[in-house]
Amino acid sequence: DDCESDLAEAIPALEAAVDALNTLKPADITVVKSMKNPPLIVKLVMEAVCVMKGIKPDRVPDPAKPGRMMLDFWGPSKRLLGDMGFLQGLKDYDKDNILQEIITTIRKDYLTNPIFKPEIVAKASSAAEGLCKWIIALSKYDITAKIVGPKKIKLETAEREYAETMKILNQKLSEVRALEEKLDNLNKKFDLAKERKQKLED
């Protein structure tokens, strides 16, 4: 059915997300964390990871505009990369309940960026490449899951309604059978009474 075929599309996307994380090594993560002045693409990928995790940017002085503040994700990114449970946290990510505002931001601000591509990111950092693949795969999975979810609910509702209808129908059928038995008994009694009457008259 439709649910099965949609799920068949979702599973490879999910496997791709897990595979992307499995390519990451702690040493690769350390390299990114220790970057003093990371390439723009590495910052972009880490920014997207922060968005996925619901982590807010820091407010820092804007070097281009003295006296003004700007939003910066590199501080939170480094703190995130320094977390010992960082990779496991991504593997355990609640993929079936990604907030709509988060996935909308990812698709609008990051996935549309022409440099947000694993093959481009790979030239700057293998760790960032794996994270980039993870984000793309989760976005694909989310699209499919949001199609499958309502279909599964519809299917469950239809099955429940069918079961309830069958229950009522079976109830009615057993009532009809009981009435038929009653009628059959009455007919037998009537035939018996008729026979007796006939004998008496004879």
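**Cysteines, salt bridges and a buried aspartate**

Me: Starting with C50: buried or exposed?
Reply: C50 counts as buried, at 0% relative accessibility. Keep in mind that this is a predicted model.

Me: Which cysteine sulfur is closest to the sulfur of C50?
Reply: That of C132. The two sulfurs are 15 Å apart, which is too far for a bond.

Me: And C132, buried or exposed?
Reply: Buried, with a relative accessibility of 0%. C132 is in no disulfide either, since C50 has the nearest cysteine sulfur, 15 Å away, and a disulfide needs the sulfurs within 2.5 Å.

Me: Switching to charges. How many salt bridges turn up in the whole structure?
Reply: A search of the whole structure gives six. I can take you through some of them.

Me: Go on. What does K188 pair with?
Reply: K188 forms a salt bridge with D184. The closest N and O atoms are 3.7 Å apart.

Me: Where do K188 and D184 lie?
Reply: Both are in helix α8, residues 126-201. They are four residues apart, about one turn of the helix.

Me: How exposed is K188, and how about D184?
Reply: K188 is exposed, at 53% relative accessibility. D184 is partly exposed, at 38%.

Me: What about D109, which residue is its partner?
Reply: K108, with the closest N and O atoms 3.3 Å apart. K108 counts as exposed at 55% relative accessibility, while D109 is partly exposed at 36%.

Me: Which residue does K95 meet in a salt bridge?
Reply: D96, through the side chains, at 3.5 Å from N to O. K95 has a relative accessible area of 25%, so it is partly exposed. D96 is partly exposed too, at 44% relative accessibility.

Me: N97 next. Where does it sit?
Reply: In the loop between α5 (86-91) and α6 (100-110). N97 is exposed, with a relative accessible area of 52%.

Me: Which side chain does the N97 side chain have a polar contact with?
Reply: With that of D94, at 3.1 Å.

Me: How far is N97 from L138?
Reply: Their C-alpha atoms are 11 Å apart. Along the chain, the two are separated by 41 residues.

Me: New topic: D72. Which strand is it in?
Reply: Strand β2, which covers residues 69-72.

Me: Buried or exposed, that D72?
Reply: Buried, yet without a salt bridge. K43 has the nearest side chain of opposite charge, 4.5 Å away.

Me: Which backbone nitrogen lies 3.4 Å from a polar atom of the D72 side chain?
Reply: The one of W74.

Me: And which residues is D72 in contact with, leaving aside its neighbours within four places in sequence?
Reply: P57, D58 and V60.

Me: Last one, helix α2. Which of its residues are buried?
Reply: In α2, residues 26-33, the buried ones are D28, I29 and V32.

Me: Where do the buried residues fall, seen down the axis of α2?
Reply: Within an arc of 100°, so they line one face of the helix.

Key:
Residues are numbered from 1 along each chain as its sequence is written. This is a predicted model: local features need pLDDT of at least 70, side-chain atom pairs count only at pLDDT 80 or more; totals for chains, interfaces and linings use all residues. Side-chain values use heavy atoms; hydrogens and water are left out. Helices (H or I, at least four residues) and strands (E, at least two) are DSSP runs, numbered from the N terminus. Buried means under 20% relative accessible area, exposed over 50%, partly exposed in between (1.4 Å probe, protein chains only). Lys and Arg count as positive and Asp and Glu as negative; His and the chain ends are not counted. A salt bridge is a side-chain nitrogen of Lys or Arg within 4 Å of a carboxyl oxygen of Asp or Glu. A polar contact is a pair of N or O atoms within 3.5 Å; within protein, one must be able to donate a hydrogen and the other to accept it, and residues adjacent in sequence count only if both atoms are side-chain atoms. Contact means heavy atoms within 4.5 Å. The arc is that of the directions from the helix axis to the C-beta atoms.
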